[in-house]
Amino acid sequence: MTAFDYTAIFIGIVVALAVENVAVSFHKLLELGPKVRWHWMAPATAVIASVTTLGSFWLLWNARAEVGQDRSFFVWLPFAVNYVLLFLATAASLPDEIPQEGIDLRTYYFENRRYWILTLLYFCSVVAMDTLSILRPEWGFIVVRRDPLFFAGCLTAIAGAMSVLLIRKPAWHAAWIAISIVLLVAVLGPVRVG
């Protein structure tokens, strides 16, 4: 097995757990039916987080030639931590436990906006590793995609995550969710499996 095979197994498990967590949480919400006061922001964030998680695996697959190179554990470790951060951000998008009396998803979304810090940390680490891979290629950091659009998307995601941590206005959160969807389409849309 190559280094990429081991990386793909680990990342595949983390991605599957993240998507499974969202699916189970959504199923629990559907089971409670009228006890759930629906609001679109939490489910939209869950979809965005899930697509980001799946898309990051898709980008990894396209970078498999570079990931397949021999790397030390300590060079690979930050890459693995990135995916754990992505899992945590995705898992926080919907409630894991729902009280029998029900839940208000608008309240849940705004009370848990502090979890955007996980998204912020994820994109900061991606930018840091990509920058280090360009400035210090001898260090061997794994770069997913050397593309100006990808880099600009990551920087925009950092700014957006910081803004939703600081701004509670629903209109700004709605705008950021819309911007996130556009970013996902722009960054992941043209990527083909190579």
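Q: At what angle do the axes of α7 and α8 cross?
A: In this predicted model, the axes of helix α7 (residues 148–166) and helix α8 (residues 170–188) cross at roughly 165°. These axes come within 10 Å.

Q: Why give an angle and a distance for them?
A: Two packed helices are described by the angle between their axes and by the distance between those axes.

Q: So are α7 and α8 roughly parallel or roughly antiparallel?
A: The two helices are roughly antiparallel to each other, because an angle over 145 degrees counts as roughly antiparallel.

Q: And is the crossing left-handed or right-handed?
A: The crossing of α7 and α8 is left-handed.

Q: Which residues of α7 meet α8?
A: On the α7 side they are Leu149, Phe150, Gly153, Thr156, Ala157, Gly160, Ala161, Ser163 and Val164. Their partners in α8 are Trp172, His173, Trp176, Ile179, Leu183, Ala186 and Val187.

Q: How many of those are nonpolar, polar or charged?
A: The contact of α7 with α8 has eleven nonpolar residues and five polar ones, with no charged residues.

Q: What about Leu188, where is that?
A: Leu188 is found in helix α8.

Q: Buried or exposed?
A: Leu188 is buried, because its relative accessible area is 18% and buried means under 20%.

Q: What does Leu188 touch, leaving out residues up to four places away in sequence?
A: With those left out, Leu188 touches Val51, Gly55 and Leu59. Leu188 and Gly55 are 133 residues apart along the chain, and their C-alpha atoms are separated by 6.6 Å.

Q: Changing topic: where does Lys35 sit?
A: Lys35 has its place in the loop between α1 (3–32) and β1 (36–37). The residue is partly exposed, with a relative accessible area of 40%.

Q: Which residues does Lys35 touch, again not counting those up to four places away?
A: Lys35 touches Gln100, Glu101, Gly102 and Ile103. From Lys35 to Ile103 the C-alpha to C-alpha spacing is 6.7 Å, while the two are 68 residues apart in sequence.

Q: Now the whole chain: how many helices and strands?
A: The protein chain has eight helices and two strands. Along the sequence they follow the pattern α-β-α-α-α-β-α-α-α-α.

Q: How much of the chain is buried?
A: Of the 194 residues in the protein chain, 47% are buried.

Q: And what is the accessible surface?
A: The accessible surface of the protein chain comes to about 10100 Å², and 71% of that belongs to carbon and sulfur atoms.

Q: What share of contacts join residues at least 24 apart?
A: Among contacts between residues at least 6 apart in sequence, the share is 82%.

Definitions and conventions
Residues numbered from 1 in each chain as written. Predicted model: local features only at pLDDT ≥ 70, side-chain atom pairs only at ≥ 80, totals over all residues. Heavy atoms only, no water. Axes fitted to C-alpha atoms, helices over the stretch in contact; angles between N-to-C directions. Helix = DSSP H or I, 4+ residues; strand = E, 2+ residues; numbered from the N terminus. Parallel < 35°, antiparallel > 145°, perpendicular 65-115°, else oblique. Left-handed = near helix turned anticlockwise from the far one by under 90°. Contact = heavy atoms within 4.5 Å. Nonpolar A, V, L, I, M, F, W, Y, C, P; charged D, E, K, R; others polar. Buried < 20%, exposed > 50% of the residue type's maximum accessible area, 1.4 Å probe, protein only. Areas by Shrake-Rupley, 256 points an atom, 1.4 Å probe, with all protein chains shown as cover.
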